[in-house]
Amino acid sequence: MDKVEPLFQCKNLAFHYPLGTVEVPALHALDLTLSPGQMTCFAGPSGSGKSTLLRILGLIEPIQTGDVLYRGTSLKGLSEKQKNQIRRTELGFIFQHFVLFDTLTAVENVEYFLKHRGFSAKEKRERALNALNAVGLGAQARQRPRQMSGGQRQRVAIARALAKDPRVIIADEPTASLDQATGQQIMSLLSELGKTQGVTVVLASHDPMAMSFAQQIVRLKDGHLQAVESRSKLTVAPAAHVAPRTEEAPWCAI
Ligand SMILES: Nc1ncnc2c1ncn2[C@@H]1O[C@H](COP(=O)(O)OP(=O)(O)OP(=O)(O)O)[C@@H](O)[C@H]1O
Ligand SMILES: [Mg+2]
């Protein structure tokens, strides 16, 4: 069997936040591998570094110490333009504190994040509506965020990530504002994306239900990696099933 190339490889990764004259350490000497098509959950107490690690993998925070390889390429040497290209075309974000535009309807909110992708208005609308349907919000497509519940708004934020058809979904506490049943639906949906389309889902969560969907659980404490638990018995889409991408960034052409 061919060896699957890791999607992310963290090597001796450390990170601190500058705070006035002091530095707040957030991650220490982390070595970690994430495989394509797998769902990985970062778990650990508040302040353990889960969101920081997600932001580094999402190319939002810079690499300070150590390195992260994304599909074999070091993120350290990438220009802002290259990073933007990856963020735009390969990564879908579901933030802990989701931000929606109040003046736009749900479908317009989803469409907004498809700009710069070269889609026609019709294609954008189609993608956005499909994504809203996938999260069970087809009927609310023309409502504005303030006319929706917290859970519905969170699902719009999830649809926004799905509509990009990303290679990787990065989700910070995606079920935090959802009731148990809706949370379960959303986790099933994210899990299916991995199994059927090879999408890699990386999430941070305290929620045991959300964690139960992950193939790999990475436990953090005070920025240290405590344990990596693997549930290899669960099915993961083989690399051959990963949908081919047409809009490869030149530097990562395979
Ligand atoms: N912008 C910031 N400036 C300074 N320190 C920060 C900043 N963001 C996070 N930190 C610190 O970095 C450490 C890791 O924070 P992080 O947000 O990654 O934790 P977390 O595991 O996501 O926590 P939570 O479960 O509460 O979301 C904490 O000590 C936190 O106080
Ligand atoms: Mg967090």
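Me: What caps the N-terminal end of α6?

Reply: Asp 179 does, with a side-chain oxygen that lies 3.1 Å from the backbone nitrogen of Ala 181. This is a predicted model, where local features need pLDDT of at least 70, side-chain atom pairs count only at pLDDT 80 or more, and totals for chains, interfaces and linings use all residues. Residues are numbered from 1 along each chain as its sequence is written, and side-chain values use heavy atoms, with hydrogens and water left out.

Me: And what comes just after α6?

Reply: Gly 198, which takes a positive phi of about 75°.

Me: Which residues of α6 are buried?

Reply: Counting as buried those under 20% relative accessible area (1.4 Å probe, protein chains only), the list for α6 includes Thr 182, Ile 186, Leu 189, Leu 190 and Leu 193.

Me: Switching to ligand 1, which residues come nearest?

Reply: Of the 13 residues around ligand 1, those are Ser 46, Gly 47, Lys 50, Ser 51 and Thr 52, where being around it takes a heavy atom within 4 Å.

Me: How far is Ser 46 from an oxygen atom of ligand 1?

Reply: A polar side-chain atom of Ser 46 lies 2.5 Å from that oxygen, while for Gly 47 a backbone N or O atom lies 2.8 Å from an oxygen atom of the ligand.

Me: Which element gives the most to the shell around ligand 1?

Reply: That is α1, with 3 residues, and both α1 (50-57) and β2 (22-34) supply at least two residues each.

Key:
Chains are lettered from A and ligands numbered from 1 in the order in which they are written. A polar contact is a pair of N or O atoms within 3.5 Å; within protein, one must be able to donate a hydrogen and the other to accept it, and residues adjacent in sequence count only if both atoms are side-chain atoms. Helices (H or I, at least four residues) and strands (E, at least two) are DSSP runs, numbered from the N terminus. Buried means under 20% relative accessible area, exposed over 50%, partly exposed in between (1.4 Å probe, protein chains only).
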